Amino acid sequence: MLKETGKLLGKINPGLRRAVVPWIIRHPRYINAFGKMLRSFRECEAARKNYAENGTVVPPVMILSITSNCNLRCPGCLAAAAGNIKQPHAAKEPDLTHDQWRSIILQGNRLGVFCYIIAGGEPFMYSRLIDLIEEFDDRLFVVFTNGTAVKEADHTRLKRLANAVIVFSVEGSERVTDDRRGRQVFERVMKAMNRMNDQGILTGVSVNVNRANVHEWMAPDFLDSIIQMGVRLVFLIEHIPTHPSLSKVETPLNESILTPEERAAFRAKVLEYKKTKPVFLLHSPGDEEHLGGCVSAGRGFAHVTPSGDVTPCPVSNVATHNLTNAPLEDAFRSPLFSEIRENERLLETEGMPCALFAHPKEVDELAQKVGAYRVGEGTGLKSS
């Protein structure tokens, strides 16, 4: 079973096999669980193929913003910009109930979705998060957390599971993390991450790469230190600016996005790390170039907001379907998704960190054409 799992991980990405197989060997409880998930993965592949033959493009991954609650207020938060986080004194649609989230996952499973990325808000503020992970133990759950809301009971339950990856958001060193996320956040994140690694829970880190921290990540010291802690996955997401009214401390747009020179140098360093570091690295948007551009709108993933709107990606706030009154399959078949997938220009980042962000005029025109609406109470992404 371990050999089959290694082959599958290598098929997905050689770096993933190099990072995860040694972890499985050191933590045997993963072996049987991965066997079950391997069978599920193959069933999902077959289901997506069948639906594709009938004109429905089903992504292998869904991103679920499972709650609009968050205990931090980080400048430049994309979830807040897209309207996925509750703002003080703002009217907002209620979050989905637990039964509604279960229904969405059941629909996704039937259609061939294998992996659920859990976002927010802060996922650990959703009281029944681990209930979902336990119930659907043949699916992979990747939980992105700020690391400050994990409870004692969460540790106890997670260490018995083998279908969850917990990804902690950090900026880099203690100084740059606390500058953005708040005093002593770095210390709390490291404590939670260390504990999970000690308990044999698969962990990763997610980084908002911007001009303030890019040079820390181009020097290998911090990356090496978190690898030594036991982290196996690293998501390097280049900063996408948000509307400055979301925070008085938001860095001006031209001071936060990487310059072309910084982006080129950073990409070169990432490619070096991919060859030399025992960790799986995913770099956005750099890695999307090998996939023919942006993988939103069902090409690789789709996104569900806390109130049930289906958007092309977490930073997009346009939708045509809400899952409180429409099935998931209809959302995947929507003209909004199909037109984005078929428009090669919309899939190109053109030197920006996000393809849809790079084409605000075209996205607005498409939204009007297909009758899409704006979701959430956020101000949206600033286009210029």
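Predicted model: local features only at pLDDT ≥ 70, side-chain atom pairs only at ≥ 80, totals over all residues.
**Strand S1**

I started with strand S1, residues 61-65, and checked both of its faces. Val 61, Ile 63 and Ser 65 sit on one side, Met 62 and Leu 64 on the other, and all are buried. That makes five of the five residues of S1 buried, so the strand is largely enclosed by the rest of the structure.

Next I looked up who pairs with S1. S2 runs parallel to S1, with five bridges between the two. Ser 65 has Ala 119 of S2 opposite. S1 is also joined to strand S8, residues 301-304, by four bridges, again in the parallel sense. There, Leu 64 has Val 304 as its bridge partner.

**Aromatic pairs**

I then went through the rings and got six aromatic pairs for the structure. One of them is Tyr 116 with Phe 141, which is stacked, at 5.6 Å centre to centre and 25 degrees between the planes. I checked where these two sit: Tyr 116 is in strand S2 (residues 115-119) and Phe 141 in strand S3 (residues 140-145), so the pair links parts of the chain 25 residues apart. Tyr 116 comes out at a relative accessible area of 0%, so I log it as buried. Phe 141 is at 1%, so it goes down as buried too.

Trp 217 and Phe 222 are an edge-to-face pair, with 5.2 Å between centres and 90 degrees between planes. I have both Trp 217 and Phe 222 down as buried.

How values were computed
Residues numbered from 1 in each chain as written. Heavy atoms only, no water. Phe/Tyr/Trp six-rings, centres within 6.5 Å; stacked < 30°, edge-to-face > 60°. Buried < 20%, exposed > 50% of the residue type's maximum accessible area, 1.4 Å probe, protein only. Pairing = 2+ DSSP bridges.
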